[in-house]
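Have the viewer open and follow along.

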Amino acid sequence: AIVQYQGNYLQEQIERLLRHAYSETNLLHLQKRKLDIHEVIEEAIDNLQTLIASRQGRIERSYKASDPHIFADKGYLLIVITNLIENALKYSERPGIIVSTAGGGNEIVIAVKDNGKGIEKKFQNKIF
């Protein structure tokens, strides 16, 4: 059931990104709605449970955002958060990851901290 859910999730996200990549306007078509960022983070972590278990990972949460509600496109936000956590899992041995939030109101900061070796300096400018 988990594998089927994850397969469907990945297929949906790939299709969404391909639609964007081949759109003529090259603009993201966001469907913004009010979301609880902590719930989105939890969904990303749930989607990665198989990888977390296989890598013997440990994820700590430090949710300190005073108001975790934002207006965003859940699909794209979920892709971003999932990718950050997934990379932290993939590039660490016995991953120890801390996912945290801070701020609130007009600005929420999401941080994913891991115990991996980091990204080489020469590739850091290509991250975003």
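Q: What percentage of the residues in the protein is buried?
A: This is a predicted model, where local features need pLDDT of at least 70, side-chain atom pairs count only at pLDDT 80 or more, and totals for chains, interfaces and linings use all residues. Residues are numbered from 1 along each chain as its sequence is written, and side-chain values use heavy atoms, without hydrogens and water. Buried means under 20% relative accessible area, exposed over 50%, and partly exposed in between (1.4 Å probe, protein chains only). Of the 128 residues in the protein, the buried share is 30%.

Q: Which helix gives the most to the lining of the largest pocket?
A: A pocket is an open set of points on a 1 Å grid, where a 1.4 Å probe fits, with protein on both sides within 12 Å along at least five of seven lines; lining residues have an atom within 4 Å of a point. The largest one has a volume (the space filled by probe spheres set on the points) of about 770 Å³. Its 18 lining residues include Leu-84, Asn-87 and Asp-114, which are among the closest to its centre. With 6 residues, the top contributor is the helix (a DSSP run of H or I, at least four residues) at 74–90, α4.

Q: Is Ile-127 buried, partly exposed or exposed?
A: Ile-127 is found in the segment after α5 (121–124). Its relative accessible area is 43%, so Ile-127 is partly exposed.

Key. Helices (H or I, at least four residues) and strands (E, at least two) are DSSP runs, numbered from the N terminus.
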